Amino acid sequence: METHIPLVVRNISLDDDETTEQLALSLSDLGWHETGGQVIATFYTSSADPVAAAAAAARSIKRVLPQASVERVDEQFVSLGDIATRAGLSHEAVRLWAAGKRRTAGEPFPAPRAQVGQGRNTTKIWAWPEVLTWLKTHYHLDLEPGTAYLTLPQVARLNALLHERRQQPWQPVATAGVSRILATVAEVLEEDPSSSPAARRFTVSGRPQ
């Protein structure tokens, strides 16, 4: 069984040639697409601990694309119409399940995760992985054979890890260019003992330090 974990990644564009080149060279093991204005990186794993494996994949994304921010797990929200289309069922059948008006053995249809709009324009939305599990359990409809998704506790755990990582303070990395600049500063100060950091200003890439 392979677990699919779609991750929302911000601050990158799939229309950028340099970005897509980096994805092809270093992150081709992930599935990349854009939906609803969001970039989604889908991680595939057979690990016994998919949460830890996905957290490691998020770190890899950040290493390759430092500007990227891996925000959270995409829970793949769908409407009744989306469910009917994906499952190849009538909209009315799905509506009756969701309304509890069509008898089923066992657990009722998953509860909606949220709703948008007001009054008659209200639209309820569900998490697709929960609907998949319900259809497979109660109607033996295996719409994505061999595929698993994170459970709700696993989603919460991974989102917490991603949030914790985003909150970590940025740590500067000493590069060869920075080292050369520091060496030049030291040489200047040695040549003129009266100089001090407060008395001089140095510019890196055109920006005052």
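Which residues form the negative surface patch? I get Asp15, Asp16, Asp17, Glu18, Glu21 and Glu34.

**Ground rules.** I'm working on a predicted model, where local features need pLDDT of at least 70, side-chain atom pairs count only at pLDDT 80 or more, and totals for chains, interfaces and linings use all residues. Residues are numbered from 1 along each chain as its sequence is written, and side-chain values use heavy atoms, with hydrogens and water left out.

**Patch.** My patch rule takes residues with over 30% relative accessible area and no salt bridge, joining like charges within 9 Å. Asp and Glu count as negative, and I place the charge at CG of Asp or CD of Glu. Areas are Shrake-Rupley with a 1.4 Å probe. Helix H1 (residues 17–26) gives the most to the patch, with 3 residues; helices here are DSSP runs of H or I, at least four residues, and strands are E runs of at least two. I found Asp16 in the loop between strand E1 (2–10) and H1. Asp16 has 34% relative accessibility, so it counts as partly exposed (buried is under 20%, exposed over 50%, partly exposed in between).

**Salt bridges.** I searched the whole structure and got 5, with the cut-off being a side-chain nitrogen of Lys or Arg within 4 Å of a carboxyl oxygen of Asp or Glu. Arg113 meets Glu75 at 2.8 Å, N to O. That pair links distant parts of the chain, 38 residues apart: Arg113 sits in the loop between helix H4 (91–99) and E6, Glu75 in the loop between strand E4 (69–73) and E5. Arg113 also bridges to Glu130, with the closest N and O atoms 3.1 Å apart. Here the partners are 17 residues apart, and Glu130 belongs to helix H5 (residues 128–139). I have Arg113 as partly exposed at 32% and Glu130 as partly exposed at 24%.

Next I looked up Asp142 and Lys136, whose closest N and O atoms are 3.9 Å apart. Both are partly exposed, Asp142 at 37% and Lys136 at 41%. Shared partners join Glu75, Arg113 and Glu130 into one network.

**Sheet.** What is the strand order in the open sheet of 3 strands? I read E5-E7-E6, with antiparallel pairing. Strand E5 (77–78) and strand E6 (114–116) are the edges, each pairing on one side only. Two strands pair if DSSP finds at least two bridges between them; E6 and strand E7 (residues 123–127) have 3. I also noted that Val116 has Thr123 in E7 as its bridge partner.

Conventions. Patch = residues over 30% accessible without salt bridge, like charges linked within 9 Å, V, L, I, M, F, W, Y side chains within 5 Å. Buried < 20%, exposed > 50% of the residue type's maximum accessible area, 1.4 Å probe, protein only.
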